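Dear colleague,

Please find the structure below.

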Amino acid sequence: MSEDQLRRNVRTFQAEFQRGWPDGPVVVMPSIKANYGLALRRILTEEGAGCDTFGPGELHAALSTGVPPDVISFNGSSKTEELLVRAVNAGARITLDSTREVELVIAAAERASRAARVRLRVRPDFDFAARSDFYSGPVSLRTASQMYKPGIATESLAGAARRLLDAKGVELTGVMMHAGRHTTNLRVWSRMMQRYVEVIGRLREASGGWEPREIDIGGGFAVPRDPFGRSDGRRLAAPNAPSIAQYARAITRALRKELKRIGMSTALRLEVEPGRSIYGNAGIHLASVTNIKHQTAPVDYTWIETDTSDSFLPDVNLERNRWTVCIADRAADPATVVADVVGISCNFDVIVPAANLPEVRVGDILAFIDTGAYQDANATNFNALPRPATVLVTGDQSEIVKRAETIEDVFTRDVIPERLAATGPKVPVSFSK
Ligand SMILES: Cc1ncc(COP(=O)(O)O)c(C=O)c1O
């Protein structure tokens, strides 16, 4: 992971969104789910960034790396009362996901030592013609976003707001939405903001005039050299995604215009929760070429075998990503070979299908670019493979910030009950590290 790129990304988000939002503060709250490495989070905390968290583990990561609670959003779809008490006591803001959570947070606030600051997660209806990139087939943005579970049903919003406004020890501060990485089309993003503000306007009417002090637009901004959804060939030639500056301009313009149209002030706190676009292009995954296998018949095919796996770069399957791959010390050499770059697992394990590379040799190091978001976070131990280390790089300095797993780590949670260990052949228990 590149420390400098991480810092550049968060600074660019802050500067560009603030440029488009002159009347109120902008808080960038990188989504820690994209990469919950603690050293990386310390860098973002040093930069003054807030944090979008989901569940107890991410809340712990944010608090233990010094994120000020005032800029933590505690998200998630199945919070317990205990967890809510912990979050309220810590001073984190709670983003409510259902009417059930409205009641839970009121109960938690009674038990907590301070007021609960809460926001409503809403579900705007994107009822215009636009397609979601989430699926390889044609699925509309409206259908895709409505199938996504988070948020309070629109018909229940006003009741939830009134209940919270009447409750003791609870302060309703804002609204939040997150749609995800459905599109890179900025006109569609503008229309999404328009529908978001419509929800806010209707909520104001139905709640007797309540207005949010903070509006959180979530994440979903693509990585600039966008790998998303390109592995099926359909979008191989897709252009680069918009820059952070272009996203910021489109989104802040649309928000300001729509808020003014409904007569609401823009002197409020704007929050963004970028995940992939903060961590993605700060990361490179390295692997060694272990073998080059070729057959001519019945089908002419070449595989470049490596010591990594799609288990460690899982978005090739989860999000149909097409990774940019190069030979680390010959990145600029012209491509002369077309071959599948494959991993070590027993699956198909195609990490980059039909990759264009220079002549590859056993022992070459391959670099998979833009892999800093979601890959380590989603990596699995399939085939009992230990997961790789993370190295933080700045200038000519490199430090291990997450050690590689050992085989013992992979089995560390396993227990063979005494009654099974005691029967049959003896169990050898130690592994060499
Ligand atoms: C609530 C919330 N905010 C932000 C994000 C970050 O999204 P992305 O990585 O697409 O920017 C997510 C991702 O799922 C999310 O659930």
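A crossing of two helices is called left-handed if the near helix is turned anticlockwise from the far one by less than a right angle, and right-handed if clockwise. Helices (H or I, at least four residues) and strands (E, at least two) are DSSP runs, numbered from the N terminus. Residues are numbered from 1 along each chain as its sequence is written. Please note that this is a predicted model, in which local features need pLDDT of at least 70 and side-chain atom pairs count only at pLDDT 80 or more, while totals for chains, interfaces and linings use all residues.

Helix packing

By the above definition, the crossing of H1 and H2 is right-handed. Helix H1 covers residues 3–20 and helix H2 residues 38–46; they pack at an angle of about 45 degrees, and their axes are 10 Å apart. Axes here are lines fitted to C-alpha atoms, for helices over the stretch in contact, and angles run from 0 to 180 degrees between N-to-C directions. H1 is therefore oblique to H2, given that angles under 35 degrees count as roughly parallel, over 145 as roughly antiparallel, 65 to 115 as roughly perpendicular and the rest as oblique. On the H1 side the contact is made by Glu3, Leu6, Arg7 and Val10, and on the H2 side by Leu40, Ile43 and Leu44. Two residues are in contact if their C-beta atoms, placed from the backbone, lie within 7 Å. Five residues of this contact of H1 with H2 are nonpolar, none is polar and two are charged. In this scheme Ala, Val, Leu, Ile, Met, Phe, Trp, Tyr, Cys and Pro count as nonpolar, Asp, Glu, Lys and Arg as charged, and the others, Gly among them, as polar.

Helix H4 (residues 81–90) packs with helix H5 (residues 99–111) at an angle of about 55 degrees, with axes 9 Å apart. H4 and H5 are therefore oblique to each other, and their crossing is right-handed. Eight nonpolar, no polar and two charged residues form the contact of H4 with H5.

Domains

The domain assignment, which is automatic or from a database, gives domain 1 (3–280) and domain 2 (284–369 + 374–404). Their centres, taken over C-alpha atoms, are separated by 33 Å. In domain 1, 18 residues are in contact with 18 residues of domain 2.

Ligand

The ligand is surrounded by 17 residues, and the closest are Ser31, Gly219, Glu273, Gly275 and Arg276. A residue counts as near if its C-beta atom, placed from the backbone, lies within 6 Å. The shell has three nonpolar, nine polar and five charged residues.

Backbone

Ala297 and Pro298 are joined by a cis peptide bond, with omega about 0 degrees. Pro298 is in the loop between strand S9 (284–295) and strand S10 (301–306).

Kind regards
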